[in-house]
Amino acid sequence: MEKRVLIERVLPIRKLSEESRREKAIRHGHISTLHVWWARKPLVVARAAVLGALLEDDENVSSELIERLCKWKLHDGKPEGHSLLEQVRGLIRERFLGRRPKVLDCFAGGGSIPLEALRLGCDTYAVDYNPVAYVVLRGTIEYPQRYGRQLVAAVRRWSEWVLEKAGKELECFYPRVGCETPVAYIWRRTIRCPNPSCGVEVPLTTQWWLAKRGRRRVALKPILRGNREVGFELVGDKEIDFEPSLGTVKRGRAVCLACNTSMRGDYVKAEAREGRIGQRLVAVARKVDKRRGRSYRLAGEEDIAGFQKAEMALKELLRTPSPWAFGLSWVPQEPSRLVGAGRQQSVEASYGFLEWGKFFNSRQLMALCTFGKWVREAYKEIVNQTGDYEFAKAVTTYLGFAVDKMADLLSVLTGWKPNAECPVHLFAHHAIPMLWDYAEANPLAGASASWASQVERMLSALTLCFVNNRRTATTHLGSANRLFFEGGKFDAVVIDPPYADSVPYSDLSDFFYVWLRRIIGDLYPEAFSTELVPKDEEAVVNAVRFGGKKHGEQIAKAHYQRLMRESFAEIYRVLNSEGVCIVMFSHRSTSAWERLVKSLLDAGLYPTASFPVHTEMEASTHQRGKAAVRSTVVMACRRRSENAGIGWYREVMSELRQVVCERLREFWREGIRGADFLISAIGPAVGIFGKYREVRHLDGTEVKVAEVLQEVRKAVVEFTLQQLGFEALDEPTRFYIFYRWAYGSKEIEYDEANKLAKGLGVELSEMERRYGLINRDGDEVRVLSFEERKGILEQGWKVKRGNERYGVGERSCVIDQIQISLLLWEYGQRSEVLNYLASLGVKEEGHSFWRVAQAIMEVEGGVVGVDGRVSRIEKEVRVLAQLLGSKQGLIREMRAKVVG
């Protein structure tokens with residue numbers, strides 16, 4: 001029997017979650033600033049996973065050691081970090097009798113896991129299907145170990161050389177007015193008003209703020225001039241006499257500033273696709289100093305002339321042969337097939353961004369082409385001076401990364417962030433959303449979006465990648481479902497695989513691929529031989545790629561499940577008999593979990609332990625508007641024995657529920673809540689189910705994974721309601737409270753809502769039709785607040801003015817009673833609230849009405865404003881607070897009335 005490893009006993013969830021959240025907030029000196037990659041797991045979680053897979057469950061190894069080791073700032077660069085790492089490396093060598101354990105990550109992505117495996121002294125192997133990820137991996141885990149800290153000095157030196165050469169060619173396009181350096185140019189797209197009697201050119205924007213930082217306020221105020229043209233003036237602080245947060249565009253619809261004509265989203269999109277959307281340079285942000293922030297002025301003739309000069313220069317440039325690899329065109333003409341993930345609609349399809357070159361204006365293209373050209377020249381110069389082609393390749397790769405990092409902050413979809421007074425990078429989301437107003441950074445200014453700034457951020461990240469154990473990792477471009485390693489090679493496989501439809505990696509990475517292919521593509525011919533990033537064998541759920549709609553979604557899900565099953569089968573093959581596979585997975589949908597778990601079990605792997613670790617920030621931008629989970633479930637998996645027997649449903653479910661409840665108590669004590677708690681039990685449950693070759697019902701039919709997950713959901717619901725003290729409530733109220741507790745005010749997929757309802761023992765159709773508790777919009781479902789249920793609630797109470805008798809109708813459930821009370825309170829009808837509560841017998845503080853109202857207040861109050869926006873249930877929370885604040889007074893009045 002194999003010995004238990006550390007992660008099968010302990011993982012300090014709370015401390016690891018705290019450190020993960022701290023790491024996610026880091027913007028300098030972290031590998032995330034080396035190059036954009038999506039959904040990177042925190043280094044501390046990767047380190048804990050690798051360590052937990054390699055060390056045996058030994059009394060000499062405590063959770064305190066993991067807590068000390070798993071701090072993101074801990075590395076070889078500091079004496080105390082090096083000392084602790086050497087201690088742990090020694091423990092690992094001792095366990096493996098002096099040899100280095102072999103660790104594989106076959107979904108390596110941004111490199112968190114292989115970097116930490118390398119840091120712990122392992123022979124590390126990283127594989128990824130995506131060529132952009134492959135090159136990023138080379139820069140993260142290979143080159144730093146091969147060339148050491150001389151790499152930082154070389155990259156800095158040659159980046160300055162590139163800046164000097166490019167700056168001489170570009171400075172005339174960024175004219176200085178007076179003695180101040182322009183940091184960014186603020187643009188507004190424009191559209192012609194369709195009203196025949198108007199025809200004003202309308203600036204499109206969602207808001208007018210330029211600075212909104214502390215007490216500092218600067219806004220761009222639109223002025224309608226006599227000739228029916230829109231002009232602007234800058235206003236600040238007390239001069240602001242309008243609401244700058246209200247722009248001309250909301251949810252894709254625009255409104256004319258002159259005649260108030262409303263323009264439908266379809267009209268705006270059609271104008272964009274036909275090329276009739278214009279753009280207007282309206283303001284300039286200038287560098288002053290850190291203490292005083294930016295200064296602003298309206299764009300003048302010199303600014304417009306600088307841009308026009310760049311337009312003419314680009315036209316001239318396009319007439320000359322390009323210096324790019326493979327003879328590619330100066331400007332990327334490759335199609336931008338941004339099909340997105342799931343049901344997302346892309347800017348390419350909606351607004352006519354049909355080629356990757358269309359994502360930049362003329363001056364931005366001149367900047368990127370010029371910097372890219374000189375990066376290629378730098379490669380030749382490094383070779384001439386050193387004679388070392390591989391070293392030149394490494395240095396040039398980082399310079400190529402710098403061009404990519406500038407492109408992320410130098411496009412026509414780069415926003416301006418008023419509360420930081422700087423451009424915000426394009427990939428703040430796991431998608432490319434449309435922006436109406438954009439900020440064009442000056443790459444020569446030395447500010448946050450400039451070449452110099454991006455290089456410094458990259459170099460500060462690079463210093464974190466040096467590992468003092470004299471080993472280099474091995475990086476491979478390939479697919480996880482066709483590994484080329486011999487069987488039984490690895491002591492551990494640690495992966496963070498794609499989360500079904502969460503991130504369309506290949507679609508998004510095309511943005512960087514087209515520039516990397518031009519600048520350094522010939523240095524990596526194995527990675528840049530295709531026009532765009534390969535997509536056929538990418539393990540994601542992308543329905544649009546298969547025709548969209550229900551049929552395309554079904555194919556996409558089957559495609560994902562096949563690739564994951566084949567990948568896990570390969571992991572089973574290359575993992576040695578005592579090895580452990582660690583799988584990290586995070587998704588709100590149990591359908592996604594079902595596909596992952598089935599793939600895992602089909603391959604002969606099953607979980608032996610799992611832990612939910614909080615890995616996402618509360619206000620993570622890519623999760624806004626979603627009922628997203630913020631935790632990652634870290635599962636330790638073993639190869640199932642070839643002699644595994646058959647389990648019977650009743651016995652297996654009895655064991656499963658016992659184990660799940662034990663684990664839920666642990667997770668509850670660790671502070672796991674909401675949607676995170678809902679998924680936390682999946683690992684323990686599948687561990688019981690998966691250790692059998694198969695599980696059967698008494699009639700001999702096989703028990704499906706979906707049935708197991710439904711049992712898990714029931715167990716979680718029962719446990720949670722018991723902890724909240726509401727297991728005896730009526731069904732609609734239980735559904736309402738649990739939904740709010742798990743998902744807040746956000747939408748979830750219909751299938752997920754239906755499974756949740758079944759876990760609560762109710763029918764979702766009843767929640768919709770009979771009780772009107774939910775709203776369904778296509779495949780999305782959400783629970784409604786009291787204000788949104790106004791019509792239904794008004795039917796639930798009857799007023800007989802003669803004797804003031806109140807009734808609640810046929811649907812007498814507690815949530816209706818509470819929301820009717822809120823509606824009456826919002827109407828200002830205090831006396832009717834009193835009579836209504838009296839008719840319910842709510843005359844004691846311990847009445848279930850008050851306990852449920854307090855519970856709703858607590859669970860709803862916990863989700864209001866967490867993403868920085870006004871929640872749909874904010875008013876419900878406010879009115880609940882008022883009602884509960886008046887509870888004692890209302891009870892006294894009801895009692896007095898009865899006595900009277």
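1. β24 and β25 form a hairpin with 2 residues between them. In its turn, Gly778 has a positive phi of about 65°. Helices (H or I, at least four residues) and strands (E, at least two) are DSSP runs, numbered from the N terminus. Two strands pair if DSSP finds at least two bridges between them.

2. Some ground rules for reading this note. This is a predicted model, in which local features need pLDDT of at least 70 and side-chain atom pairs count only at pLDDT 80 or more, while totals for chains, interfaces and linings use all residues. Residues are numbered from 1 along each chain as its sequence is written, and side-chain values use heavy atoms, with hydrogens and water left out.

3. Val781 of β25 is the bridge partner of Arg776. Val781 is also the bridge partner of Ile748.

4. Next, an open sheet. Its 3 strands follow the order β5-β6-β7, with antiparallel pairing. β5 (209-213) and β7 (230-236) are the edge strands, each pairing on one side only. On average, neighbouring strands here are turned by 20° against each other, direction ignored. In general, strands of a sheet pair through backbone hydrogen bonds, either parallel or antiparallel. Between β5 and β6 (residues 216-224) there are 4 bridges. Ala211 stands opposite Val218 in β6.

5. Another open sheet has 3 strands in the order β8-β9-β10, and its pairing is antiparallel. Its edges are β8 (249-250) and β10 (262-263), each of which pairs on one side only. β9 (residues 253-255) and β10 are joined by 2 bridges. Opposite Val255 stands Ser262 in β10.

6. Two loop residues deserve a look. Asp237 sits in the loop between β7 and β8. Its phi is near 50°, a positive value in a residue other than glycine. Is Arg251 buried or exposed? Arg251 counts as exposed because its relative accessibility is 81%. Asp237, at 48%, counts as partly exposed. The cut-offs are under 20% relative accessible area for buried and over 50% for exposed, with partly exposed in between (1.4 Å probe, protein chains only). Arg251 lies in the loop between β8 and β9. Arg251 is not a glycine, yet has a positive phi of about 55°.

7. Now the helix pairs. α12 (residues 389-408) and α13 (residues 451-462) pack at about 125°, with axes 9 Å apart. Axes are lines fitted to C-alpha atoms, for helices over the stretch in contact, and angles run from 0 to 180 degrees between N-to-C directions. α12 and α13 are therefore oblique to each other. Angles under 35 degrees count as roughly parallel, over 145 as roughly antiparallel, 65 to 115 as roughly perpendicular and the rest as oblique. The crossing is right-handed. A crossing is left-handed if the near helix is turned anticlockwise from the far one by less than a right angle, and right-handed if clockwise.

8. What makes the contact between these two helices? From α12 come Tyr398, Leu399, Phe401, Ala402, Val403, Lys405 and Met406; from α13 come Trp451, Gln454, Val455, Met458 and Leu462. Contact means heavy atoms within 4.5 Å. By class, there are 10 nonpolar, 1 polar and 1 charged residues. Ala, Val, Leu, Ile, Met, Phe, Trp, Tyr, Cys and Pro count as nonpolar, Asp, Glu, Lys and Arg as charged, and the others, Gly among them, as polar.

9. α21 (residues 731-743) and α22 (residues 750-759) pack at about 130°, with axes 11 Å apart. They are therefore oblique to each other, and their crossing is right-handed. Phe735, Phe738, Tyr739 and Tyr743 of α21 meet Glu752, Ala753, Leu756 and Ala757 of α22. That contact has 7 nonpolar, no polar and 1 charged residues.

10. α6 (residues 131-147) and α14 (residues 505-520) pack at about 65°, with axes 9 Å apart. α6 passes α14 in a left-handed crossing. Pro131, Val132 and Val135 of α6 touch Ser509, Phe512, Tyr513, Leu516 and Ile520 of α14. By class, this gives 7 nonpolar, 1 polar and no charged residues.

11. Last, helix α26 (residues 830-840). Its buried residues include Glu832, Val833, Leu834, Asn835, Tyr836 and Leu837. Just after α26, Gly841 takes a positive phi of about 80°.
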